[in-house]
Amino acid sequence: MSPVSPVGPVEETALAPAPEWWQSAVIYEVYPRSFADGDGDGVGDLAGLIARLPYIAALGVDGIWMTPFQPSPQVDQGYDVTDYCGMDPLFGTMEQFDTLLELAHALGLRILLDVVPNHCSSEHPLFQAALAAGPGSPEREMFHFVPGPLDMSDDGGGGSASGASDVPPNNWQSVFGGRAWSRANPGSATDTDWYLHLFSAGQPDWNWRNPAVGEYFDGVLRFWFDKGVDGLRIDVAHALFKADGLPDSPSTGGVVDGLRSNPQVSDQEDVHEVYRRWRALAEKYEPHRLLVGEVNLEPARAARYTRADEMQQAFAFAFVKLGWDPEAWAAVGNELEAARQLHGASPTWALENHDIVRTVTRFGGGELGSLRARAALVAMLGLPGPAYLYQGQELGLPEVDVPLESRMDPMWARGGVCRDGARVPLPWTEDAAQNFGFSLTGPPADPWLPQPAGWGANAIERQQQDPDSSLALVTKALEMRRLLWNDEVFGRNDGGTWRVEAGNLLICERSPEFFVAVAMGSESVRLPAGSVLLSAAPPAEDGWLQPNNAAWVLRA
Ligand code: NOJ
C-alpha cells in the first residue's frame with residue numbers, strides 16, 4: 001500500500017456506517033473583524049472575507065467557522081447579540097452573507113456560524129422589554145431577575161440612595177471578573193431586581209427554565225439552517241441552565257472564573273435536552289447540520305455532550321490549553337481516549353482560538369516557540385478525528401503584547417486576562433500603509449487593534465513564496481491528511497493511545513501501523529522503526545527526530 005495515494009473509500013459494513021464529513025474535517029476559524037477589511041475602515045468585514053475566500057480554499061480545509069457578526073453593541077466583540085438573525089452593518093449586509101455562502105459552497109467550503117444561547121446583549125429588544133415591564137412581569141421571566149433585599153439600616157451603610165441593598169442575590173462571580181449581578185434599575189426604590197450576567201453587565205443570561213427561551217432559539221436555528229448554513233458552534237454550551245433556586249456557589253472564594261469552577265452554573269443535567277432537540281432539528285435538514293460545542297469541561301464530562309443524539313463535536317479543551325509538556329500531553333490524550341471509548345465520538349482537536357494565547361508564545365516564544373508550534377500543529381493534524389485551526393495559526397503568528405491604551409477586551413477591563421493579543425488583524429502583505437494588506441482599500445483607517453512593527457515579516461504573501469514557511473507546511477499537511485484519510489490505515493477513526501518514551505519522545509499510537517511522534521526533550525531521539533510520511537522540519541538524520549520536531553510515521 002502506498003502511504004500517500006488514496007486506495008478508495010473504506011468498505012461499508014453493517015457495523016461500520018460510512019464516515020460523515022465532519023468526522024475527519026479540518027475547520028478554519030475566522031474572526032471576521034481581524035481577517036480582512038474590505039472597506040478600509042480598519043475593521044474586518046464580509047467584503048474582505050469574500051475577497052479572501054480563495055486563500056482559505058487553497059489551504060485545503062473543509063470549512064469555516066465564523067465568530068459572531070450579528071448586530072451587537074460590540075461590548076464583547078459580537079458575543080453580545082441584539083438580533084440573532086441579522087447582520088451588523090459594521091460587517092456588511094445580509095445580501096453579502098448570502099453571496100459568501102454561495103461562493104464558499106462553490107469552493108467546497110462549508111460555513112459554520114456562532115450561536116450564543118447563554119446570553120444576549122443588554123440592548124436586545126427582549127431584555128429592554130423586560131427592564132421596562134418591571135419586577136414580577138412575564139418579560140422578566142426570560143432572564144434571571146431576582147429581587148435584592150431592601151437595606152434596612154438607618155444610614156444606608158452598604159446600600160444605595162434608593163434604599164435597595166448593595167448585596168446581590170448570590171455570590172456568583174463573572175467569568176470576566178467581578179460579581180455576576182447588576183441592578184436592573186439602579187436609581188429605583190421600587191425596582192430592587194438584579195439580573196444575572198456570567199460575563200459582562202452588557203450580556204444578560206437567558207433563563208432556559210422558561211420554555212419560551214428554547215422556542216426562541218429553535219427559531220434562530222431554523223433561520224440559519226433554512227439559509228443553508230452547514231452548522232453552528234455553540235458558545236458556552238455547558239452553562240445554559242443554572243441550579244434551581246440559584247444557590248450560592250461553594251467555590252467562589254477568591255476564584256475569578258465563576259463558570260468552570262461553579263457547580264451551580266456549569267454542566268447542569270437539563271442542558272442535554274436542549275442538544276437532543278437541536279440535533280433532531282439539525283437532522284431534519286439534508287445534508288444534516290453540524291453542532292460543535294464550546295464545552296469547557298474535563299474530558300469525561302465534555303464527552304457526554306457528544307453522545308449519539310446530542311452534538312456531533314465538542315472542542316477538547318484539555319488539549320487546547322496544553323503547554324510543552326510530554327507527560328501532560330500523554331495524560332490528556334489518554335483521558336480523551338477513555339472518554340471517547342465511553343461515548344463514541346472522537347475528540348475535536350484544537351490548539352488555538354480567539355480566546356487563547358497563541359501557541360508560538362505559549363510554547364516558549366521566538367524561534368523555539370515557532371518550531372514547537374509547527375510541531376504541535378503537525379501532531380494535531382495527524383490525530384484521529386476533526387480539528388480546528390484558528391486564523392493566523394497557519395502563519396505561526398505569535399501573541400501580540402497590545403499596548404495598554406489600545407486594549408479592547410472586556411475581560412481585561414473587568415480585571416481578567418487580555419485576549420486581544422491573539423486577535424490582531426492578519427498580515428497579508430508587507431505594505432504597512434495598507435495595514436499590512438489587512439485593508440483592501442485605502443488609504444485605510446488604523447486597524448481596530450494595532451499591528452506591531454515588523455508584522456509584515458509574517459505576511460501571507462511572503463510565506464506563499466517560501467517553501468519552508470509555516471503556511472507551506474500547513475498546506476502540505478492538510479493535503480497529505482486529505483489523501484491519507486481515504487486510506488485504510490489513516491482513515492480509521494479509532495482513537496489512539498499515548499505514551500512518553502525515553503528522551504521525552506511523545507507517541508500517539510493510532511493503529512498498529514501508524515503513529516504520531518513529537519520530540520519534546522532537549523536531545524535528538526531515535527524513532528521506532530518506520531517511514532516518516534511527514535515531519536514539521538526535515539529530520540536531521542534518518543530514523544531520528546531532533547528536539548521540537550514532530551512526525552507522522554508508518555511502521556516498517
Ligand atoms: C466564549 C467566546 O469564545 C468568548 O470570546 C466570549 O467572550 C465568551 N464565550 C462569552 O460569549
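1. A search of the whole structure, which is a predicted model, finds zero disulfides. Cys-85 illustrates this: Cys-85 takes part in no disulfide, and the nearest cysteine sulfur, which belongs to Cys-120, is 13 Å away, whereas a disulfide would need the two sulfur atoms to lie within 2.5 Å.

2. As to the setting of the cysteines, Cys-85 has a relative accessibility of 27% and therefore counts as partly exposed, since that class runs between 20% and 50%. Cys-508, by contrast, has a relative accessible area of 2% and is buried, because buried means under 20%.

3. Turning to the ligand, I note that the ligand sits in the second largest pocket. There are 13 residues around the ligand, and those that come nearest are Asp-76, His-119, Asp-235, His-354 and Asp-355. Sorted by class, the shell around the ligand holds seven charged residues, four nonpolar residues and two polar residues.

4. In the case of Arg-419, an N or O atom of the side chain is 3.0 Å from a ligand oxygen atom. On its own the ligand has 300 Å² of accessible area, and the protein covers 97% of this area.

How values were computed
Residues are numbered from 1 along each chain as its sequence is written. This is a predicted model: local features need pLDDT of at least 70, side-chain atom pairs count only at pLDDT 80 or more; totals for chains, interfaces and linings use all residues. Side-chain values use heavy atoms; hydrogens and water are left out. A residue is near a molecule or strand if one of its heavy atoms lies within 4 Å of it. A polar contact is a pair of N or O atoms within 3.5 Å; within protein, one must be able to donate a hydrogen and the other to accept it, and residues adjacent in sequence count only if both atoms are side-chain atoms. Accessible areas come from the Shrake-Rupley method with a 1.4 Å probe; for residues, only the protein chains shown count as cover. On a 1 Å grid over the protein atoms alone, a cavity is a set of points where a 1.4 Å probe fits but cannot get out, and a pocket is an open set with protein on both sides within 12 Å along at least five of seven lines; lining residues have an atom within 4 Å of a point. A molecule sits in a cavity or pocket if more than half of its atoms lie within 2 Å of its grid points. Ala, Val, Leu, Ile, Met, Phe, Trp, Tyr, Cys and Pro count as nonpolar, Asp, Glu, Lys and Arg as charged, and the others, Gly among them, as polar. Buried means under 20% relative accessible area, exposed over 50%, partly exposed in between (1.4 Å probe, protein chains only).
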